[in-house]
Amino acid sequence: MVQETQSGRRIMSGMRPTGRLHLGHLVGVLTQWVEFSKTSEAFFEVADLHALTTSFDRTDAIRRNTTELVLDWLAAGVDPQKCTLYVQSHVPEISELHLLLSMIVPLSWLQRVPTYKDQIAELGAEIATYGFLGYPLMQLCDILIVRANTVPVGKDQLSHLELGREVVRRFNHLYGPTLIEPQPTLSEFPDVPGIDGRKMSKSYDNQIEIADDEQTTTKKVRSMITDPLKVRRHDPGRPEICPVFALHNAVNAPRVPWIEENCRSGTLGCVDCKAELAEKVNGYMRPVRERRANLDENAVGAILEAGAEKARAVAKETLADVKSAMKLPR
Ligand code: TRP
């Protein structure tokens, strides 16, 4: 058995290597990863096999994106001395567990996961492969293989965890208590809006990236939409529907009461409000961007190699337990 930390909490999460990270990742996800790494045992994975599910026909960016993703993690303060960072395909036990569990998962369970239908509607029927249908099962295997009990994820991933817990119950019912039912934890931060007011996301092209420079950031903040009824400076605004205000909440908390009051009363105009926000966003991202610029990309290989070795040590034990529970020949 692998040692657990005092809290008994073991964290696992991952991201697909699909491009550079943005402010939404920093505020919502990575600060949480950094905090969890201090109090719990933590495993963070580059989900390259998950990236394959939707980009099997364009794989050439995956390798580069893996390095970029890890560099963004390190720049955000994720410390490989305090947690385990690795690439999913470097831990083949995940794939083997996926095959074993695929035997007990009814097709209908996978077909009814909302992201399955949503993604097909968004990306087209070509992505409806066997592998893509198994996306949430593979995610479960990521979690189970390192025996994690706690999974920091966004709201959009809750249905995957729900499916996962059902699969665990079915396994334990069929073969005896072996696997842990993982619990999600949501970030206390609501979704960070992008410049168009929708959730910040690369797929909406509304993001403020770690890779952006300060000028670009300022320009993006200036172009943000605000309360459409606040046309002139002295018109009263409604902070509760304004994405600029939501970003102040994320990066400028001490000033939020003042901004709220003066937006409502019409003393604060959107131009000034955005100017202050641009400064705060740049201030928030500056240390991350500076660290990013000074990182040695050649260090990533060794970090991921050491991480895979640590993850595999746990993974082999889990897989052995699963095979033994399933009474596969020794
Ligand atoms: N599906 C997750 C996402 O798109 C990424 C992911 C892969 C993940 N494996 C995981 C998240 C395991 C949590 C745990 O965001």
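A: The second largest pocket holds about 230 Å³ of space, a volume being the space filled by probe spheres set on grid points joined across faces, edges and corners. A pocket here is an open set of points on a 1 Å grid over the protein atoms alone, with protein on both sides within 12 Å along at least five of seven lines; a cavity is a set where a 1.4 Å probe fits but cannot get out, and lining residues have an atom within 4 Å of a point. The model is predicted, so local features need pLDDT of at least 70 and side-chain atom pairs count only at pLDDT 80 or more, while totals for chains, interfaces and linings use all residues. Residues are numbered from 1 along each chain as its sequence is written, and side-chain values use heavy atoms, with hydrogens and water left out.

The lining of this second largest pocket consists of His 98, Leu 99, Ser 102, Val 105, Leu 107, Leu 110, Tyr 130, Gly 131, Leu 133, Gly 134 and Leu 137. Helix H4 (93-102), helix H5 (107-111) and helix H7 (130-133) each give two or more residues to this lining; helices (H or I, at least four residues) and strands (E, at least two) are DSSP runs numbered from the N terminus. By class, the lining has 7 nonpolar, 4 polar and no charged residues, where Asp, Glu, Lys and Arg count as charged, Ala, Val, Leu, Ile, Met, Phe, Trp, Tyr, Cys and Pro as nonpolar, and the others, Gly among them, as polar.

About 100 Å³ of space lies in the largest cavity. It is lined by 15 residues, of which Lys 230, Cys 242, Cys 263, Cys 270 and Cys 273 are the closest to its centre. Two or more lining residues of the largest cavity come from each of helix H11 (243-251), helix H12 (256-265) and helix H13 (270-294). This lining divides into 9 nonpolar, 3 polar and 3 charged residues.

The second largest cavity has a volume of about 40 Å³. Its lining is formed by Pro 136, Gln 139, Leu 140, Ile 143, His 160, Leu 161, Gly 164 and Pro 182. The elements giving two or more residues are H8 and helix H9 (158-175), and H8 provides the largest share, 4 residues. In this lining there are 5 nonpolar, 3 polar and no charged residues.

H8 also gives the largest share of the shell around the ligand, 4 residues. Of the 14 residues in that shell, Arg 16, Tyr 135, Gln 139, Asp 142 and Gln 157 come nearest, a residue being near if one of its heavy atoms lies within 4 Å. A side-chain N or O atom of Arg 16 lies 3.4 Å from an oxygen atom of the ligand. Elements that supply two or more residues to the shell are strand E1 (10-15), helix H8 (135-145) and strand E4 (150-153). By class, the shell has 6 nonpolar, 5 polar and 3 charged residues.

Strand E1 also contains Ser 13. The side chain of Ser 13 reaches the backbone oxygen of Pro 152 at 2.8 Å.

Terms used: Polar contact = N/O pair within 3.5 Å; in protein donor to acceptor, adjacent residues only side chain to side chain.
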